[in-house]
Amino acid sequence: MIIQDLPLRDLFDQLRKSGLPLGVGEYELLLKSLIAGFGIADQNALARLCKTLWVKSLEEAQIFDYHFAEVMKQAIASETAVSSQTSSAKTEPQTTPETPKFPASNPPIAPDSEPTQLLPTPASNPEPAPIPSLSEPTEPALPPVVEIEDEIQVAKSAFLSASSSDEIADAGFLLTSDYLPVTKRQMKQAWRYLRRPVREGPCTELDVEATANQIARQGILLEPVLVPRRINRSELVLLIDQDGSMVPFHSLAERLMETALRGGRLGKTGIYYFHNCPVDYLYRDPGHQEAETFEQVLSRLSPTRSSVLIFSDGGAARGSDNNDRLELTEAFLNRFKQRVRYMAWLNPVPKSRWPETTAGKIDRSIPMFECDRPGLQDAIGVLRGRPTNFAGGAK
Amino acid sequence: MFNEASKPLKYTGTVQPPKGDRDENGQPLYPYLPNDELVEAVNLAITLERPLLVKGEPGCGKTKLARAVAYELNLPYIPWNIKSTSLAQDGIYTYDAVGRLRDAQLASAGRITDSEEIKRIEDPKTYREWGPLGQAFQSETRAVLLIDEIDKADIDFPNDLLLELDERRFIVPETKEQIFSLDKSPIIFITSNDEKDLPDAFLRRCLFHYLKFPRQERLSEILTNRFDKSPDEPLVQAAIERFLELRKIMQEEKGDAGKKVSTSELIDWFDILRRHPVDEVIAKLNGQLPYLGTLLKSWDDHCIYLRQFKREEEENE
């Protein structure tokens, strides 16, 4: 195999579309390794090399394997097509638009700066979706693992939402049964901002300024002034609405939960479930088996450190306007507000559909945000106690 | 073992310490038998001068890899064991400000009069102590730096290391020193137990390798090479077979995510077995496994095994 003929650019683009955090530097790294003599023995060696360079977890390895097989299959098909063509009709190699053109003709490092753009930034092409073009004549077969499909869809829908401003619901079609406007990576990035550093624990850090002050006062160093280290003491309670109108958003809720737990920054994460609107009880499990009363949950919250994030559609998914629900929700919010300072509401339904529903009314008593990237960031901003554009009660 | 400056470094995984050899700290050295993919990844990390992030099941030899590479290439080995309180700064240097203050006071009080001593305490460098990363950057030859269990530290820790890992330089403001490591950049291994996700900006700079569980032949090689006195072949085979059976049971019961018996536990277990007469042990291996405590570390695991064992016995009867 000749390096120039390998569809590495294709592979690279496909992986980026699937959400792997790759930049042009990673591509150069691959070329550098190939020149250094790695990964040129056979196809497996190449796959191993690409994996070592580009893949950072087992999940990504699955995505990689899938795309590598796809790209290689196409490459071999096109190679045979091209060779048969050139042998029969050598005179007109350019006039065969059906023949898939692979970046074999491209120089390895394309001069255009396109690949340096990060995935979520709006792509330069005005088309909203990566429509299979002529260069992809064979639509990929069904992926072998569902999870892969899932991850690809996340990236695709994030891509969609990025390229067609924020009107994802009006984009006309969605390929996926799940609505996933935020990728896991974006969630993780957002969670990292949720922090409340507190000096706590044994005194181990030298406070230089205080020590200098003390020497100035006393004229001699008697003992250094030590302070405890800063640690993150932010505690998050996630209240998740389950079942009913929330069924389409279960996987989104799960992602939210998973990234909050594994994001690592939270001092303590509590996750509770409810259905439609919490009344007296919250549940520790999605099946609503282990109940806890509001009092029990509230007693565990710290007034200064805890923050509460509610994930629910607030009736916006079905477009219902229910006064009972509104009253119950407000009663529940009031009880929590007496105990916790920072609360926010994340609504998976786009904002354009809140008016005339219960959600639109709840929006007046608690900061409510759409579940996209800016919304998640704003919600976390509220949980940190930062002012946002929220105009509570202004309507 | 030959380390000529002109020759590029290449790890083969074939040079092993002689049996009973010990390192400079008196720790015993053991052979490390990597598979070809791992060797390739290590060489890639050496050539591209990027850190190699190693993940894998607990007890599969993530930490030992760095030691083995350092041994074969005859390079200095600098381990940095991360704790939950570790700060990135500590890895580069620490500065004893209190000590400097104390000495300055003693000098001004006339308690230190020796001119040599005064010269020493006037130099701010006296109070600066290099951390593992600081040492590795200044090593005369390329050093092998191990950053062990990076996921234990605060989530900001990896991001705090980005500049140092990227540009291989750092500044000590207290002494106004600037340290470069241009041609002798350390070979860096990072291990993670996946307790926390690492930030993408950090991952982007690393190469990644997932250590797979060794195959049966490789396991028997590991056991044969591990001990001073090579154990009997039939004993090794019997032990490994039973061990793999146990691992399979655990895999079926607990799925891929649960903790399974690992290579390091196999070595411990076998270390006890080999101390007994071979015939006796092989007879024991055919019944309920002896010394289960070295293999199964939780009551649940014991129950899983005992249930399975009982079922098999009933079937045999």
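**Confidence, the interface and the helix packing**

Analyst: In this predicted model, chain A has an average pLDDT of 73, and 69% of its residues score at least 70. Two stretches of chain A call for caution. Over residues 85-150 of chain A the pLDDT stays under 50, and the model has 58 contacts beyond four places in sequence for this stretch. Residues 158-176 of chain A likewise stay under 50, with 32 contacts beyond four places in sequence. Where pLDDT is low, the predicted coordinates should not be read in detail.

Chain B has a mean pLDDT of 85, and 97% of its residues reach 70 or more. Among the elements of chain B, strand E5 (residues 144-148) has the highest mean pLDDT, 94, while H4(B) has the lowest, 83. The pLDDT is below 50 over residues 1-6 of chain B, a stretch with 5 contacts in the model beyond near neighbours in sequence. For the complex, the predictor gives an ipTM of 0.79 and a pTM of 0.72.

Chain B contains 14 helices and 9 strands. Its C-alpha atoms fill a box of roughly 90 × 45 × 40 Å, taken along the principal axes. Of the 317 residues in chain B, 32% are buried. Among contacts in chain B between residues at least 6 apart in sequence, 77% join residues at least 24 apart.

The next topic is the meeting of the two chains. Here 21 residues of chain B are in contact with 24 residues of chain A. On the side of chain B that touches chain A, the elements giving two or more residues are helix H1 (36-48), helix H4 (97-108), helix H9 (200-204) and strand E9 (207-211). H1(B) supplies the largest share of that side, 6 residues. By class, the residues on the side of chain B that touches chain A are 11 nonpolar, 3 polar and 7 charged.

Leaving aside residues up to four places away in sequence, Leu207(B) touches Thr52(A) and Leu53(A) of chain A, and in chain B it touches Ala41(B), Leu44(B), Ala45(B), Arg50(B), Leu52(B) and Leu53(B). Leu48(B) is 159 residues from Leu207(B) along the chain, yet their C-alpha atoms are separated by 9.4 Å.

Elsewhere in chain B, helix H11 (residues 233-254) packs with helix H10 (residues 216-226) at an angle of about 130°, the axes being 10 Å apart. H10(B) and H11(B) are therefore oblique to each other, and their crossing is right-handed. From H10(B), the residues Gln216(B), Leu219(B), Ser220(B), Leu223(B) and Thr224(B) meet Val236(B), Gln237(B), Ile240(B) and Leu244(B) of H11(B). This contact of H10(B) with H11(B) has 5 nonpolar, 4 polar and no charged residues.

H11(B) also packs with helix H13 (residues 278-286) of chain B, where the axes come within 10 Å and cross at roughly 20°. That angle makes H11(B) roughly parallel to H13(B), and the crossing is left-handed. Here Pro234(B), Leu235(B), Ala238(B), Ala239(B) and Arg242(B) of H11(B) meet Val278(B), Val281(B), Ile282(B) and Leu285(B) of H13(B). By class, the contact of H11(B) with H13(B) has 8 nonpolar, no polar and 1 charged residues.

The axes of helix H6 (residues 184-191) and helix H8 (residues 250-262) of chain A come within 9 Å and cross at roughly 50°. H6(A) and H8(A) are therefore oblique to each other, with a right-handed crossing. Lys184(A), Met187(A), Lys188(A) and Trp191(A) of H6(A) make the contact with Arg255(A), Leu256(A), Thr259(A) and Ala260(A) of H8(A). The classes in the contact of H6(A) with H8(A) are 4 nonpolar, 1 polar and 3 charged residues.

Methods:
Residues are numbered from 1 along each chain as its sequence is written. Chains are lettered from A and ligands numbered from 1 in the order in which they are written. This is a predicted model: local features need pLDDT of at least 70, side-chain atom pairs count only at pLDDT 80 or more; totals for chains, interfaces and linings use all residues. Two residues are in contact if their C-beta atoms, placed from the backbone, lie within 7 Å. Helices (H or I, at least four residues) and strands (E, at least two) are DSSP runs, numbered from the N terminus. Ala, Val, Leu, Ile, Met, Phe, Trp, Tyr, Cys and Pro count as nonpolar, Asp, Glu, Lys and Arg as charged, and the others, Gly among them, as polar. Axes are lines fitted to C-alpha atoms, for helices over the stretch in contact, and angles run from 0 to 180 degrees between N-to-C directions. Angles under 35 degrees count as roughly parallel, over 145 as roughly antiparallel, 65 to 115 as roughly perpendicular and the rest as oblique. A crossing is left-handed if the near helix is turned anticlockwise from the far one by less than a right angle, and right-handed if clockwise. pLDDT is the predictor's confidence in each residue, from 0 to 100. A residue is buried if 20 or more other C-beta atoms lie within 10 Å of its own, exposed if 12 or fewer, and partly exposed in between; C-beta atoms are placed from the backbone.
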